Amino acid sequence: MIGLKIKEIRAMRLEMPPGEGPKRKPRRTSWVEDAEVANPMSKFPRFKRHRRSWRPKWEGLWVKVTAEDGTWGAAPASYGRPVAAVIDDHLAPMLQGEDCFATEKLWDMMFRLTKPYGSEGLAMCAISGIDIALWDLVGKLRGAPVYELLGGPVRDKIFCYATGNDTDWQLELGFKAVKLACPYGPTDGLWGLKENEKLVARARELTGPDVGIMLDCYMALDVDYTIRLARRLKPYGLRWIEEFLMPEDLDGYLAVRRAVNWVSLAGVEHWFSPWRFREAIERRALDVLQPDLFWVGGITACVKICHMADLSGLMVCLHGGAHNQYGLHLTYAMPNMPWAEYVVWSPPGVPLEEARWMPGAPMPKDSYIVPNPGPGFGVPIREEWLRPF
């Protein structure tokens, strides 16, 4: 096994057999169907209400890494066709023949290879997919779950919170913390501030004092509006306010940090490299760091972020980290990742296990979840389900 080489890396489509679908009828439609959510395009009326009206329509993508002995690892990647081009046309040929186990070297190579067109953004999504697939491969080659390769579990189970505006349903599912999607931003003026407060007030009335409430603002606010909103929401005891500014505005985050000291500040899933997080950690811009495993550089990059944050006493909570085995394995092994996010897309009345995206995926129970034990990430993907992109 020593010195086992990479035979092939390819962008793939996952074509699973169709599932049975939910058996129970929903009580009402899910919040995602029609709820307005503040977003970076809220200033443009044509795109204001729904993020899906302006986000790219690229299809799903997977990455498969095959070793010379035929063992393979796989992982999802984001943003479809353009990311597949970066993988197949550039990174994959450069990594062929390299040592399967050299994850640090391979990440460094990919970061440097993408310099001519910029390593952040879509290129980093390609790096992320390859890196995560490599970790899956290494786990399979060693016959061990990835969380053991990362040092082993640091907790018996992972606390997870629910994201979404169906708070009553999330409480019924047993979640002990909930995160709301902020509906309105600066273009909605004082009326929007009042409506945002109403949303939080209704949630606090439903949860009582012992359930954590967070607010996700999805890059929609500015410094002044964030400060005014934070002051207005002070009586409701929020756990944190999240991703309230454009991700490039680190000075803006620092300005909010200076003005707001009664609630934690969280972000930013749309930072596309560990260097962004390093600067935020050094300048104490945030209390809770929220990298996205599939955008920031994969497992290798997130481990770097976790270690930097841990030395500064900061919490890390992956964007959507409880929704997949990849985030769960990392969270299970990092000492400063006590929480994980589970986005509840399914409509009220439909149990989570009837709406899961992957057969065999663990489901949260009473706000706790445990990853599958592996090998690799323990994701039951069959090789015949993966087709070249």
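Hi everyone. Two notes before we start. Because the model is predicted, local features need pLDDT of at least 70 and side-chain atom pairs count only at pLDDT 80 or more, while totals for chains, interfaces and linings use all residues. Residues are numbered from 1 along each chain as its sequence is written, and side-chain values use heavy atoms, with hydrogens and water left out.

Let's begin with strand β2, residues 61–67. The names come from DSSP runs: helices are H or I runs of at least four residues, strands are E runs of at least two, and both are numbered from the N terminus. Is β2 enclosed or open? It is largely enclosed by the rest of the structure, because 7 of its 7 residues are buried. Buried means under 20% relative accessible area, exposed means over 50%, and partly exposed lies in between, with a 1.4 Å probe and protein chains only. L61, V63, V65 and A67 point one way from β2, and W62, K64 and T66 point the other way.

Now for the partners of β2. Two strands pair if DSSP finds at least two bridges between them. Strand β1, residues 6–14, runs antiparallel to β2 and is joined to it by 6 bridges; here A11 has V63 as its bridge partner. β2 also pairs with β3 in the antiparallel sense, again over 6 bridges, with W62 facing its bridge partner P76. The hairpin of β2 and β3 has 4 residues between the strands, and in it G70 takes a positive phi near 95°.

K5 counts as partly exposed, at 34% relative accessibility. K5 and D99 are 94 residues apart in sequence, yet their C-alpha atoms are 4.6 Å apart in space. Leaving aside residues up to four places away in sequence, K5 touches A67, E68, G97, E98, D99 and C100, where contact means heavy atoms within 4.5 Å.

Next, please find β7, residues 240–242, and β8, residues 264–267, which pair in the parallel sense over 3 bridges. E242 stands opposite A266 in β8. Between β7 and β8 the chain passes through helix α8, residues 250–259, and this β-α-β crossover is right-handed. Right-handed means that, with the strands pointing away from the viewer, the path from the first strand over the helix to the second runs clockwise. β8 is also joined to β9 by 2 bridges, and these strands run parallel. A266 has V288 as its bridge partner in β9. β8, α9 and β9 make a right-handed β-α-β unit too.

Where in the chain does a cis peptide bond come up? One runs from G267 to V268, with omega near -5°, and V268 is found in the loop between β8 and α9. The bond from G374 to P375 is cis as well, with omega near 5°; P375 lies in the loop between β12 and β13.

Two residues other than glycine have a positive phi worth a look: Y79, near 70°, and R284, at about 55°. Y79 is found in the loop between β3 and α1 and is partly exposed, with a relative accessible area of 21%. R284 is found in the loop between α9 and β9 and counts as partly exposed at 43%.

On to helix α10, residues 298–311. Its 14 residues reach 20 Å from first C-alpha to last, close to the 20 Å expected at 1.5 Å a residue; the expected span is 1.5 Å times one less than the number of residues. Its buried residues include I299, C302, V303 and I305. What do the buried residues of α10 pack against? They meet α2, α3, α9, β9, β10 and α11. Just after α10, G313 takes a positive phi of about 75°.

Finally, the rings. A search of the whole structure finds 20 aromatic pairs, where rings of Phe, Tyr and Trp (its six-membered ring) pair if their centres lie within 6.5 Å; planes under 30 degrees apart count as stacked, over 60 as edge-to-face and the rest as tilted. Ring pairs link F159, Y161, W240, W339 and Y368 into a cluster. Charges sit over rings too: the charged end of R51 is over the ring of Y218, 4.3 Å from its centre, and K64 lies over the face of W72, 5.7 Å from the ring centre. For that, NZ of Lys or CZ of Arg must be within 6 Å of the ring centre and within 35 degrees of the ring normal.
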